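Me: Please show the sequence and the structure, and then answer some questions on them.

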Amino acid sequence: MSTFFNVTIEDTGEVYRCRSDETLLCGMERLCKRGIPVGCRGGGCGVCKIQILSGEYQKRVMSREYVSVEEEAASIVLACRVRPLSDISLSVIGKMKKNVCATTDKVREGAG
Amino acid sequence: MATTGVMRPGHIQLRVLDLDESVEFYKNVLGLVETGRDAAGRVYFKAWDERDHNSVVLRQADRAGMDLIGFKVKDKATLEKLDKDLQAYGVSTERIPAGELLETGERVRFTIPTGHVLELYADKTDVGNGQPYTNPDPWIPASEHGIGPHRFDHCLLYGPNLEDTLKLFTEVLGFHLVERVLMEDGKSLLAMFISCSHKAHDLAFVCHPEPGKLHHLSFLLGTWEQVLRAADIMSMNRVSIDIGPTRHGITRGTTIYAFDPSGNRFETFAGGYETYPDHAPITWTFDQVGPAIFYHDRKLNERFLSVVT
Ligand code: FES
Ligand SMILES: [Fe+2]
């Protein structure tokens, strides 16, 4: 029997029940809820970045490119690498940004 | 076309977050054959039908993504010539000694304008595909283990400066442009698909502001039926699927995009057409980018342009 915990996405007020043996991101997706952007689900792409505001959780290794040591210490994590150990309240940091180059010239400026 | 000069993508070194978990995935879910481990802790694989010692090399790191991609060239003389040609073109190159990668000869390493590290090499030990070179059978038990692709086929890379990159590949490295997607201005490249062989693409790029990003590495399957079987195996193993099974308009391949345990996107695909250097490139306009990438959905999913490692 798995345990369930309530997860609250503070930005939208969305609440969903997440199993203790699934990640916060999987739990959200499984119930067709929205709020945290869904990318690779493997801790590599950074789009599911969140801050845990309250609650206990268990985490797995995640890409340093998107979560620094300082951030991790401040409970900033990737939702696809975190499982709940209690009810959780979180806010969303990650964005699904469309990174299309507008034109080649702009890209060159951007790349500096 | 006789394949001369640069022949094919031969190896890719990937960064993974948890080596043991990744080895289990690449060996038993994707179904590659483990061929070695080195002193640096890297783990080497090949697809069952590949003859050279390795094509996928995993390195544990604190972030996901691709370290480098290596292309095999015809012979040592070709390697020396291409190194000279690159330098004459203004690209600085570096020599990586033989043996730095297991069973692999000296490599010529350089960075392309999209920020990716590319290598050329002439030698990698032929360990065979599990069959003799005389009177072989058509397949072996390893070809049915996991998804069991025939080979590492190509990559799609994200980065800036596509026009300069295309010039380098066509003018120095002997590639030809097979298909391209134009931006809204009708001129600049949003994406390009290039080949150094008969394959519809050996390498592809999408224009992206951050340099050196990996969109996917791709593995070849024999049939659409095997693509469906791959989807079943992914679901059985709770693999994170991005999209598919579906078809690409570009290259016509039937495909699945999914993610490895570190979030590196990979593709298992079948089909597509053959290309020759005299074929006029195919062009897709910006308003048709949806069906160009995902022919059935006719629109990009939101992950296509934004989720990379
Ligand atoms: S979805 Fe890619 S890091 Fe979580
Ligand atoms: Fe592909």
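Reply: A salt bridge is a side-chain nitrogen of Lys or Arg within 4 Å of a carboxyl oxygen of Asp or Glu. This is a predicted model, in which local features need pLDDT of at least 70 and side-chain atom pairs count only at pLDDT 80 or more, while totals for chains, interfaces and linings use all residues; side-chain values use heavy atoms, with hydrogens and water left out. Residues are numbered from 1 along each chain as its sequence is written, and chains are lettered from A and ligands numbered from 1 in the order in which they are written.

Me: With which residue does A:Arg60 form a salt bridge?
Reply: The rule finds 3 salt bridges across the interface of chain B and chain A. In the salt bridge of A:Arg60, the closest N and O atoms are 2.9 Å apart, and the partner is B:Asp18.

Me: How much area do chain B and chain A bury between them?
Reply: The size of an interface is often given as the accessible area lost when the parts come together. Buried area is the accessible area (1.4 Å probe) that two parts lose on being put together, summed over both. Here 53% of the area lies on carbon and sulfur atoms, and the total is about 2500 Å².

Me: How many residues of chain A are in contact with chain B?
Reply: Contact means heavy atoms within 4.5 Å. By this rule, chain B contributes 32 residues, and the number in chain A is 28.

Me: Which residues coordinate the iron ion (ligand 2)?
Reply: Donors are N, O and S atoms within 2.8 Å of the metal (3.2 Å for Na, K and Ca); water is not among the atoms, so sites may look incomplete. The donors follow the spacing H-x61-H-x50-E along the chain. At 2.1 to 2.2 Å, the coordinating residues are B:His154 (NE2), B:His216 (NE2) and B:Glu267 (OE).

Me: How many residues apart are B:His154 and B:His216?
Reply: Strands (E, at least two residues) and helices (H or I, at least four) are DSSP runs, numbered from the N terminus. B:His154 belongs to strand E9 (residues 151–159) of chain B and B:His216 to strand E13 (residues 213–220) of chain B, so the pair links distant parts of the chain, 62 residues apart.

Me: Why does B:His154 count as buried?
Reply: Buried means under 20% relative accessible area, exposed over 50%, and partly exposed in between (1.4 Å probe, protein chains only). B:His216 counts as buried because its relative accessibility is 2%. For B:His154, the reason is a relative accessibility of 1%.
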